[in-house]
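The sequence and structure are shown first.

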Amino acid sequence: MDFLTITLPISGVAINPLLLVLLGVAVGVLGGFFGMGGAWMVTPALNIFGFPMPFAVGTDLCHMAGKSIISTRRHAKFGNVDVKLGLIMLSFDVVGIEIGARAVMLLERFGLAGLVIRWVYVVFLALIGSLIFYDFIKKRQMDKSGGDQSKSAITWHETLHKIKIPPMVNLPMAGVQCSLWLPATVGFMVGLLAGFLGIGGGLLMMPALVYLIGCPTYVAVGTDLFTIMLAGFYGAFTYGMKGRIELLAVVIMLAGAAPGAMIGTIATKYIRGYGIRLMFGATVVCAMVSVILKQMGQGGAASWVIMTAVTLMTAIVAIGMFKGAARELRERRLSHEPR
Amino acid sequence: MRVRGRLRTLVAGLAAGGWFPALAAAAGEKQEKLVHVADTRGLSGFNLYFADLYNTNRLLFTLETIAITIVMGATLGFVMDKLVGMIGLDLSKRDVKE
């Protein structure tokens, strides 16, 4: 396959473009399905492919913004994007990111940044994973005992909605009416953690929207993608000005991400919200295992866990989408056939 | 005493000459380049234009990169929508619930 290798004009990295297309497809599928940018998988993958780290981050942010346009557009047509909620959360998110980043600088002065960040990351991933699995098990028990099917198992948001500090906001797409300070505080906390952990924040934003704001899973996915798109463009601008974006790689990855994002987004049409939450929980656990392995100096095993998880999840989502689409087409054909 | 003094001078000389700093640097992580310049030799067309722009006007390079990303994202999204629509899937509503 050496004849396919190209040398990227800005970074000078020699790479097989097929690898970039496949990475684009995988991150497109998972990003469109879970509502996240996927920096936790793309940045290490690009680094493994030979990109220097700053180029890997800058190229990923730019590609993430482009890919999120495709997914957000599709989710918006399904009625899954709450623009008002996204804008409120994003404006407080950036303040949190700045404070989180300053906390990292402070820790760096004491030489503790790497260690503390990794373990805080592991603790949060463990908490999110446990919360999602607990929610799933409780929901199944509720369904078996004949409870209200439309009700969530974890209802923290109902308690939070009782806080009526003005001004109140109505978020029609999310079906939520609450104090403005609720999404503002949640956005700030997510930003603080994202800035501290040095991650995009989709991994934290999606469960926060579901469990703390009370969004349906689909609206959480769509709104999260909307904020990721805006944050991605801001990131692309700053990294572009620092000269750390490889445009050709962005273009090639977008060509793969376009069908991937479509598959991931349409899959949310056929897979139940709780199915999305369960798969998201499994992905979070894999990310946690990978961080622990990296902390133990097992970088190769950590990359292997991430790549295997990404491949498996991509395959499961794609199969779910194709099965659902085949069923829909079959039902439509039957309903049009003369009796 | 003389031999010991010469040894001490040799060790100090080696340290000052770069041995110890080199060892210390080898223990740390590899540093990234602060200023990066794209090598335009052997490039042509789209690649040459963007590599030149990268080297000469960083702001314009950034703005054009973002513009291309937006146009590509919007166009690919539109094309994919049309393709999926041609297959016959209904992309206007969702039936499944939580």
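## A strand hairpin in chain A

In this predicted model, strand S3 (residues 168-171) of chain A pairs with strand S4 (residues 176-179) of chain A in the antiparallel sense, over four bridges.

S3(A) and S4(A) form a hairpin, and four residues lie between the two strands. Gly175(A), in the turn, has a positive phi of about 70°. In a regular strand, side chains alternate between the two faces of the sheet.

## Aromatic pairs

Over all chains, the structure holds six aromatic pairs. Phe33(A) and Phe34(A) are both buried.

Phe34(A) also pairs with Phe280(A), again edge-to-face, at 5.6 Å centre to centre and with 65° between the planes. This pair links distant parts of the chain: Phe34(A) belongs to helix H1 (residues 17-34) of chain A and Phe280(A) to helix H11 (residues 273-295) of chain A, 246 residues apart. Both Phe34(A) and Phe280(A) are buried.

In chain B, ring pairs link five residues into a cluster: Phe46(B), Tyr49(B), Phe50(B), Tyr54(B) and Phe61(B).

## Arginines over rings

Two arginines of chain A lie over aromatic faces. Arg74(A) is placed over the face of Phe78(A), 5.0 Å from the ring centre. Arg277(A) is placed over the face of Tyr274(A), at 4.3 Å from the ring centre.

Arg74(A) is located in helix H3 (residues 53-77) of chain A. Its relative accessible area is 3%, so Arg74(A) counts as buried, the cut-off being under 20%.

Which residues does Arg74(A) contact, leaving aside its neighbours within four places in sequence? In chain A they are Met262(A), Thr265(A) and Ile266(A), and in chain B they are Asp81(B) and Leu91(B). With Asp81(B) there is a polar contact of 2.7 Å between the side chains.

Taken together, Arg74(A) lies over the ring of Phe78(A) within chain A and makes a side-chain polar contact with Asp81(B) in chain B.

Note on methods. Residues are numbered from 1 along each chain as its sequence is written. Chains are lettered from A and ligands numbered from 1 in the order in which they are written. This is a predicted model: local features need pLDDT of at least 70, side-chain atom pairs count only at pLDDT 80 or more; totals for chains, interfaces and linings use all residues. Side-chain values use heavy atoms; hydrogens and water are left out. Rings of Phe, Tyr and Trp (its six-membered ring) pair if their centres lie within 6.5 Å; planes under 30 degrees apart count as stacked, over 60 as edge-to-face and the rest as tilted. Buried means under 20% relative accessible area, exposed over 50%, partly exposed in between (1.4 Å probe, protein chains only). A charge sits over a ring if NZ of Lys or CZ of Arg is within 6 Å of the ring centre and within 35 degrees of the ring normal. A polar contact is a pair of N or O atoms within 3.5 Å; within protein, one must be able to donate a hydrogen and the other to accept it, and residues adjacent in sequence count only if both atoms are side-chain atoms. Contact means heavy atoms within 4.5 Å. Two strands pair if DSSP finds at least two bridges between them.
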